[in-house]
Amino acid sequence: MITIRYWDRLTDSERQNLLIRGEMHYPDIQATVENILQEVKVYGDDALWRLEKELDQADLRACGLKVTEAEFINAEQQLPEHLKAAIDHSIANIKRFHLKQVPPLSWSTEILPGVHVGEITKPIASIGLYVPRGKGSFPSVMAMLGVPAVLAGVPQIIVASPPGPQGTIDPAVLYVASQLGISHVFRIGGAQAIAAMAYGTMSVPKVAKILGPGSAFVAVAKQQLAGFIDIGLQSGPSEALIIADDHANAKWVALDWMNEAEHGPDSTVFLVTPSATLAQQVARFVEEYYERLPEPRRQFVEQVAQKGGILITPNLSIALDFVNDFAAEHLVLHVADPDGVVPHIHHAGEILIGPFTPIAAGNFMVGPNAVLPTAGFARSMSALSIRDFLHVTSVLRLSKNALIEMASDIVTIAEYEGFTAHALSVTGRDLAVSGATHTSHPEQELGIFWHEITKDRIHVKRRTRESIIELQLSRGPRDEALKEHVRTGLQFLNHMLETIAWRGQFNLAVTYHAQEAKEYHLMHVIAEDVGLTLGLAFHRMAQEHLFYGIEGSGFAVGVIDEAESFVAISLEGRPFLQCEYDPSVRQLEHVEDMLTTDLENVLSGFAQGALATLHVMVRRGHDPHHLWESVFRALGEAMNACLRPNAFRQGTTPGVKGI
């Protein structure tokens with residue numbers, strides 16, 4: 001049944017023909033799809049009623065286009081428990097994988113003195129997800145599309161899926177949507193569904209981007225709307241290549257081959273191997289298992305076996321060349337040395353390594369996205385990911401001195417390209433520059449700026465007329481040299497910062513520099529500026545965790561010997577400090593090399609930088625060192641509590657006022 005070809009017996013033309021997949025353009029339906037799009041654009045819901053009745057044999061006027069809350073409840077009730085458990089397991093794994101892709105909300109760096117550049121990342125405002133149904137039920141597709149959309153924080157998620165004859169949506173698809181908190185599901189399919197989400201109707205909201213695989217009509221509808229709406233990754237008929245050598249288990253290779261072949265008659269599947277013996281064994285197993293399949297899957301496998309099949313190459317090197325030319329959606333490796341083969345693979349939607357990694361595991365359970373580029377687009381496109389649901393904005397900020405430094409070069413390039421107004425936009429600012437000048441300007445703008453921002457590492461610098469404070473706050477393995485990295489010039493303040501780091505499970509590096517010609521050290525300036533800079537770093541770190549969901553508030557009791565203090569923090573988006581002492585606590589003017597008032601300045605600065613509500617109560621104690629160490633112990637633990645994961649608050653601001 002299965003076609004076996006020998007590489008060295010094929011002509012160049014025949015080898016090229018092996019790279020041809022299922023048609024992605026479908027010239028015979030272009031006009032039909034164009035008519036459907038136009039009808040939905042003009043007549044909206046009325047067109048959807050008619051087209052669904054005509055094309056999906058579903059009269060939706062009684063039940064409406066949108067799925068009701070009762071249908072979600074009914075779908076969950078009618079699914080068997082073992083299926084719901086399997087779906088829940090799948091969703092959890094998909095979340096774990098995609099959370100690793102979440103980028104920082106923003107980052108900034110100073111590439112030159114006074115030149116700050118960075119990016120702000122935000123979710124796309126609205127997304128349409130298409131979940132097909134034609135050849136089966138696909139709750140796995142709903143999960144692969146829905147999980148990254150939700151994790152990205154997309155405010156409006158619309159789902160379209162073809163209804164059955166009674167107007168019902170596949171209950172497992174509804175269960176997945178419900179588990180993800182997606183409630184806007186519409187019973188429409190085909191080109192009319194794509195048109196409805198692209199143009200908007202009375203019932204179906206218009207979206208900014210549409211994602212998801214589908215039929216030929218869906219593919220063509222997306223192509224025709226490409227200039228009007230973002231259609232994202234295009235996924236055509238499914239395809240797979242399997243590389244196997246004579247160490248492979250022929251039975252398992254045959255099973256992987258059939259896994260992909262049963263998708264449909266337009267799928268493409270090849271086993272590529274240098275072993276003629278393995279090829280014959282695999283062919284026999286395919287014949288055997290083929291008989292066990294029900295229709296129409298058996299017919300699908302038979303059709304795919306004729307146009308795809310097995311390709312025997314002279315050696316593994318030629319097999320890899322073919323694999324890279326093909327750029328398959330799925331690439332399965334059944335070879336003795338996969339780690340030696342992977343570096344030679346340049347183009348594949350996904351690579352499944354080893355005999356215990358079937359394509360089905362990737363499709364349903366492991367976590368990486370199974371919506372993948374097909375038709376050779378794996379050369380330039382990637383699997384669906386969090387990034388498909390986000391957009392990035394560049395941010396630029398120059399100081400006056402930075403613009404002066406760059407002005408000559410900007411003008412030179414503008415004049416060369418013939419843009420007189422571009423040049424004038426610089427020279428017309430009266431910056432006292434004309435012609436070439438590359439004079440260094442040591443003066444820099446004052447205030448706070450940050451750079452190298454990631455979720456778990458924040459680098460902040462504060463420059464004032466008196467000082468420069470540079471601070472790095474990070475999570476991760478403990479820095480054994482923490483003590484050496486905290487240098488403010490005040491020994492007790494260093495100790496308190498170390499205490500915050502230890503108790504908050506942070507790594508902290510702080511450096512204080514007096515500005516040139518200002519070598520005096522003002523204790524209150526250092527104290528407040530260090531607190532302010534630490535607060536800003538903590539504020540930025542909290543922002544980077546919003547995608548994941550955080551508590552946003554926390555409290556702790558700090559104890560050391562006879563001293564005890566209480567600290568509570570809430571990230572409310574506005575600074576507030578309440579610092580109280582129990583009447584039994586005797587306050588001293590100095591604590592080692594610091595004034596007590598300057599320790600309060602550290603707390604005040606922290607509240608300002610973190611835009612946090614901060615409550616401090618010094619409850620008991622008589623040793624001033626212990627009193628203040630108990631405060632800073634509690635502060636570190638309360639900061640850590642603010643960042644604790646809380647999936648319920650995922651994508652939301654943690655406080656009433658936000659952060």
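The structure is a predicted model in which local features need pLDDT of at least 70 and side-chain atom pairs count only at pLDDT 80 or more, whereas totals for chains, interfaces and linings use all residues. Residues are numbered from 1 along each chain as its sequence is written, and side-chain values use heavy atoms, with hydrogens and water left out.

Four strands form an open sheet in the order E6-E5-E4-E7, with parallel pairing; strands (E, at least two residues) and helices (H or I, at least four residues) are DSSP runs numbered from the N terminus, and two strands are taken to pair if DSSP finds at least two bridges between them. The edge positions are held by strand E6 (185–186) and strand E7 (209–211), each of which pairs on one side only. Strand E5 (residues 156–160) is joined to E6 by two bridges, and these two strands run parallel, with Val159 standing opposite Val185 in E6.

A search of the whole structure identified two cavities of 30 Å³ or more, a cavity being a set of points, on a 1 Å grid over the protein atoms alone, where a 1.4 Å probe fits but cannot get out, and lining residues being those with an atom within 4 Å of a point. Grid points are joined across faces, edges and corners, and the volume is the space filled by probe spheres set on the points. The largest cavity holds about 70 Å³ of space, and its lining includes Tyr581, Arg586, Gln587, Pro624 and Trp628. Helix H21 (residues 624–642) supplies the largest share of this lining, three residues. By class, the lining of the largest cavity comprises eight nonpolar, two polar and one charged residue, where Ala, Val, Leu, Ile, Met, Phe, Trp, Tyr, Cys and Pro count as nonpolar, Asp, Glu, Lys and Arg as charged, and the others, Gly among them, as polar.

The second largest cavity has a volume of about 50 Å³ and is lined by 11 residues, of which Gly212, Ala219, Lys222, Gln234 and Ser235 lie nearest its centre. The lining of this second largest cavity divides into four nonpolar, six polar and one charged residue.

Ala216 is found in helix H9 (residues 216–224). Ala216 counts as partly exposed because its relative accessibility is 21%, the class lying between buried (under 20% relative accessible area) and exposed (over 50%), with a 1.4 Å probe and protein chains only. When residues up to four places away in sequence are not counted, Ala216 touches Tyr26 and Ile29, contact meaning heavy atoms within 4.5 Å. The C-alpha atoms of Ala216 and His98, which are 118 residues apart along the chain, are separated by 29 Å.

Notes
On a 1 Å grid over the protein atoms alone, a cavity is a set of points where a 1.4 Å probe fits but cannot get out, and a pocket is an open set with protein on both sides within 12 Å along at least five of seven lines; lining residues have an atom within 4 Å of a point.
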